[in-house]
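Subject: Structure handover

Hello,

Please find the structure below. My notes on it follow.

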Amino acid sequence: KMKGKKAALTTAINCANGEWLLFTDADCFPPPTWISTMANHRENANFLVGISPHIAQKWWHPFRELERAAIDAVAAAFIRWNVGLTCTGRNLAYKRSLFQKMEGFQSISQTLSGDDDLFILQVSQSRSGKFAFVFNAFAHVPTPAPPSFWQAYRQERRRTSKFRYYPWWLFAAVLPVIAFYFGLAASFLLAFANYIPYQIPFAAFAAKMLLDLIFLAPFLAKTR
């Protein structure tokens, strides 16, 4: 039996009257222009992917937001080839008929979460999706960033726990990224223990941030 958020969403979808279903979370702040802007992108699409930026409150939030922007940029790039790779339930829309065609969340009911990224993967693999990425800033749905490192860790752990349901080629593609982060964390620990100069991890981190900014500049400009 389906549980959690997927069960609640299924009940809400069954009660809805319209063909288009628009989703966000309870802790988000959709602007007054959200619905109309998303609606303007419906043509030739049955699945819309929006952006949900975090509201920075701590010094480390902008660094985390840059990572989220990179994920959005990758999602937008794949959608350009009509491949649904990932999305966030804080800002997305799709047709009721598509939801019914996929038999809802039945094939991904084994997880409590995944109503967004696992569902878009399911739609993409069935080749039933006609995806569109909504860059327009008037359709952005801000949400508060995690107030502590521990809550950010729990959020990321929940998100990455679904990786085992992703296709093998995607998991293989992100392995180098995961390896880099583990290596970076290890280098900071080694520098703290005086095994390597502290300049090494800081230089690696600075180089990564610089490359991120260079490659993400066109995407970020498009979302302004």
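What covers the buried residues of α7? The cover includes α8 (199–222), where contact means heavy atoms within 4.5 Å and buried means under 20% relative accessible area, with exposed over 50% and partly exposed in between (1.4 Å probe, protein chains only).

Before the rest, the conventions. This is a predicted model, in which local features need pLDDT of at least 70, side-chain atom pairs count only at pLDDT 80 or more, and totals for chains, interfaces and linings use all residues. Residues are numbered from 1 along each chain as its sequence is written, and side-chain values use heavy atoms, with hydrogens and water left out.

Helix α7

Helices (H or I, at least four residues) and strands (E, at least two) are DSSP runs, numbered from the N terminus. The buried residues of α7 are Leu170, Leu184, Ser187 and Ala191. Helix α7 covers residues 168–192, and its 25 residues should span 36 Å at 1.5 Å a residue; the end C-alpha atoms are 36 Å apart, which agrees. The expected span here is 1.5 Å times one less than the number of residues. There is a kink of about 30° at Leu175, shortly before the proline Pro176; the bend is the angle between axes fitted to the seven residues ending at a residue and the seven starting there. Just after α7, Asn194 has a positive phi of about 65°.

Salt bridges

The structure has 6 salt bridges, each a side-chain nitrogen of Lys or Arg within 4 Å of a carboxyl oxygen of Asp or Glu.

One of them joins Lys5 and Asp25 at 3.1 Å, N to O. Lys5 is in helix α1 (residues 4–15) and Asp25 in the loop between β1 (20–23) and α2 (34–39), so the pair ties together parts 20 residues apart in sequence. Lys5 counts as partly exposed at 33% relative accessibility, and Asp25 counts as partly exposed at 24%. A network of salt bridges links Lys5, Asp25 and Asp115.

Another pairs Glu156 with Arg68 at 3.9 Å, N to O. Glu156 belongs to helix α6 (residues 149–160) and Arg68 to helix α3 (residues 61–80), so this pair ties together parts that are 88 residues apart in sequence. Glu156 is partly exposed at 22% relative accessibility, whereas Arg68 counts as buried at 16%.

In helix α8, Lys208 and Asp212 lie 4 residues apart, about one turn of the helix. Their salt bridge has its closest N and O atoms 2.3 Å apart, and both residues are buried.

Regards
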